[in-house]
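I opened the model today to look up a few residues, the cores and the pocket. My notes follow.

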Amino acid sequence: MKDKSLALWQSAFIGGALAICANLVFLQFVKPLAPDFMSLSTVPVIFWTAIASIGAGVVFAIIRKYTQNPNPLFVRVSVGALVLSFGMDIPLFLFDIPFFAGATTGGILALMAMHVIVAGIIVPTLVKFTL
């Protein structure tokens, strides 16, 4: 049986590509919730999903370098990062921030769901398929 392990950068790339595709499909369904919310448009979704993928890959590489059993720690760190990422969105419920004009409750919740989609794809891809 062939080994299905990949190099870290390959796993991060594949996870990022899958997460971008998933978020773009999701975007088509949620865009009507906040049609003027720029964060729910194609370029920001692609850009920030790619950044998340790169960041996850870097964090996983660091954890792998310094621990003998990196997967459980990486999953815990990733869950923590996901929870913290919601902290960026919560002020949008409370304050009218001009840079985020057009944000609605549905749009903000959709943005938060996109964070979950990204983590739900990138983290298992890195943990399961990396050498």
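I looked up T49 first. T49 counts as buried because its relative accessibility is 4%; buried means under 20% relative accessible area, exposed over 50%, partly exposed in between, with a 1.4 Å probe and protein chains only. This is a predicted model, in which local features need pLDDT of at least 70, side-chain atom pairs count only at pLDDT 80 or more, and totals for chains, interfaces and linings use all residues. Residues are numbered from 1 along each chain as its sequence is written, and side-chain values use heavy atoms, with hydrogens and water left out.

I placed T49 in helix α2, residues 42–66. Helices are DSSP runs of H or I, at least four residues, numbered from the N terminus.

Next I listed what T49 touches. Leaving out residues up to four places away in sequence, T49 touches G16, A19, I20, N23, V118 and I122; contact means heavy atoms within 4.5 Å. With N23 there is a side-chain to side-chain polar contact at 3.3 Å. For that term I used a pair of N or O atoms within 3.5 Å; within protein, one must be able to donate a hydrogen and the other to accept it, and residues adjacent in sequence count only if both atoms are side-chain atoms.

I then checked the cores. A nonpolar core is a set of buried Ala, Val, Leu, Ile, Met, Phe, Trp, Tyr and Cys residues joined through side-chain atoms within 4.5 Å. The largest has 14 residues, and L27, F37, L40, L111 and M114 have the most contacts inside it. Helices α1 (8–30), α3 (70–94) and α4 (105–129) each give this core two or more residues. Its largest share, five residues, comes from α4. Another core, of 10 residues, lies apart from it and includes V118 and I122.

Last, the pocket. Which residues lie nearest the centre of the largest pocket? I found W48, T49, A52, S85 and H115 there, out of 32 lining residues. A pocket is an open set of points on a 1 Å grid over the protein atoms alone, where a 1.4 Å probe fits, with protein on both sides within 12 Å along at least five of seven lines; lining residues have an atom within 4 Å of a point. The volume is about 1,000 Å³, taken as the space filled by probe spheres set on the points. Helix α3 gives the most to the lining, with 10 residues. By class, I noted 24 nonpolar, seven polar and one charged residues.

Key. Ala, Val, Leu, Ile, Met, Phe, Trp, Tyr, Cys and Pro count as nonpolar, Asp, Glu, Lys and Arg as charged, and the others, Gly among them, as polar.
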